[in-house]
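Please keep the sequence and the model in view while reading.

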Amino acid sequence: MFWSSISLSPTAIASPPFPLTELFFPPLSPTPTLTAATFKLRSSSTCRCTKTDLTSQHEEPPPNPYPKQDEKPQAAAAAAAAAEETFQVLTAIHTQYNDILIVDTPQSRMLLLDSTHNVHSVLQKGDEKWTGSYWDEFVSLPPIVTEGPIAIYGLGGGTAAHLMLDVWPSLQLEGWEIDEILIDKAREYFGLSNLEKCNDVGGQLQVHIDDAFSHEQHRPSGYAAIIIDLFSDGKVLSQLQEVEIWLELSNRLMPGGRLMVNCGGVSESSLDGKVQLPSIDDIWMQNSTIKALAEAFPGQVFMMSMSCGMD
């Protein structure tokens, strides 16, 4: 996973507190238990995933029919771990823009989109709110930009908005999502409607159902920052590979504003059976979105390498 930041304030370009404006990483893939191959859909809209499903490519050795006395507790624990785990499909629907699948597990709720089944939003359960993935990085943006509204292009289920308002409750966020049905589902299953209410310190999320590239309805006074997380069919939108688009988006910023962008990444390669992760130089050369950014903002693009998976 890779992210960087573009600061359009000349004084901040040389040594920002930390790089903040561009996200570069491969789109998230679902955890192994959430792939189509490991799900068994039932009429009750419940998915049951057994240990056999998860280890189909690695045969388990046959159990010892004569275990030693001290092996019995371990065998019991192993049997319990191998028991069926239940994953509930809360909704599965096709819209004009997406194939929407929302899955509930004991630890979290996830939004999977398109035929890729990439995870686009996560809502953690319990006390732990952090996702261990790129959404957490968005939270570092507010303290290094000027005070003002922050836009999120590609709101999805609202993971970034949840985290940002949890840490910075007075934020004024504006989220843009083109799929109205997706927003309805996010309100129903991801608590998005709670963010749309003004909280005790005046912070809230305003939702726009529209094309983020539309020239209409954007704030004339500009945004302090814009988070851009726009994907379709597992790929960064093609518009983001155009220099002109980035120049237009930069015009929507207030003075000193920043862009923070999920730009996807390049594929891993294999050499002699070993996975080869691309070097930073390879990423710059192969990612069309990054090249467009570098051309639009020479010397102002900062990049950070991150893990691309969720624990």
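## A buried lysine

Which side chain of opposite charge is nearest to Lys-185, and how far away is it? The model considered here is a predicted one. In it, the nearest such side chain is that of Glu-188, at 4.2 Å. Lys-185 has no salt bridge, although this residue is buried.

Lys-185 belongs to helix 6, which covers residues 180-189. Apart from residues up to four places away in sequence, Lys-185 touches Thr-91, Ile-93, Ile-102 and Phe-190.

## Overall composition

The protein contains 10 helices and 17 strands. Of its 311 residues, 48% count as buried. The accessible surface of the protein amounts to about 15,900 Å², and carbon and sulfur atoms account for 51% of that area.

Contacts across the sequence may also be summarised. Among those between residues at least 6 apart in sequence, 66% join residues at least 24 apart.

Thr-91, one of the residues touched by Lys-185, is located in strand 4 (residues 85-94). Thr-91 counts as buried because its relative accessible area is 10%. With neighbours within four places in sequence left aside, the contacts of Thr-91 are Ile-100, Leu-101, Ile-102, Lys-185 and Tyr-189.

Leu-101 is part of strand 5 (residues 99-104). A relative accessible area of 16% places Leu-101 among the buried residues. Beyond residues up to four places away in sequence, Leu-101 touches Val-89, Thr-91, Ala-92, Met-110, Leu-111, Leu-112 and His-117. The C-alpha atoms of Leu-101 and Leu-113 are 6.3 Å apart in space, while the two residues are 12 residues apart in sequence.

## Two residues with positive phi

His-117, which Leu-101 touches, is not a glycine, yet has a positive phi of about 55 degrees. His-117 is found in the loop that runs between strand 6 (108-113) and strand 7 (118-124). With 27% relative accessibility, His-117 counts as partly exposed.

Asp-233 likewise is a residue other than glycine with a positive phi, near 55 degrees. The loop that holds Asp-233 lies between strand 12 (231-232) and strand 13 (235-236). Asp-233 is partly exposed, at 48% relative accessibility.

## Nonpolar cores and a surface patch

The largest nonpolar core has 35 residues, of which Met-164, Leu-173 and Leu-205 touch the most other members. Helix 5 makes the greatest contribution to this core, giving 5 residues. Another core lies apart from it and has 28 residues, including Ala-151, Leu-230, Ile-245 and Leu-293.

Val-167 is partly exposed, with a relative accessible area of 31%. Together with Trp-130 and Trp-168, Val-167 makes a nonpolar surface patch of about 260 Å².

## Salt bridges

Side chains of opposite charge can pair when their charged atoms come close. The whole structure has 6 salt bridges. In one of these, the side chains of Arg-109 and Asp-104 meet at 2.9 Å, N to O. Arg-109 and Asp-104 are both buried. A network of salt bridges links Asp-104, Arg-109 and Lys-125.

Arg-187 is partly exposed at 29% relative accessibility, and Glu-196 is partly exposed at 23%. A salt bridge also joins the side chains of Glu-248 and Arg-252, at 3.1 Å, N to O. Here Glu-248 is partly exposed, with a relative accessible area of 23%, whereas Arg-252 is buried, at 7% relative accessibility.

How values were computed
Residues are numbered from 1 along each chain as its sequence is written. This is a predicted model: local features need pLDDT of at least 70, side-chain atom pairs count only at pLDDT 80 or more; totals for chains, interfaces and linings use all residues. Side-chain values use heavy atoms; hydrogens and water are left out. Patches are made of residues with over 30% relative accessible area and no salt bridge: like charges are joined within 9 Å, nonpolar side chains (Val, Leu, Ile, Met, Phe, Trp, Tyr) within 5 Å. Accessible areas come from the Shrake-Rupley method with a 1.4 Å probe; for residues, only the protein chains shown count as cover. A salt bridge is a side-chain nitrogen of Lys or Arg within 4 Å of a carboxyl oxygen of Asp or Glu. Buried means under 20% relative accessible area, exposed over 50%, partly exposed in between (1.4 Å probe, protein chains only). A nonpolar core is a set of buried Ala, Val, Leu, Ile, Met, Phe, Trp, Tyr and Cys residues joined through side-chain atoms within 4.5 Å. Helices (H or I, at least four residues) and strands (E, at least two) are DSSP runs, numbered from the N terminus. Lys and Arg count as positive and Asp and Glu as negative; His and the chain ends are not counted. Contact means heavy atoms within 4.5 Å.
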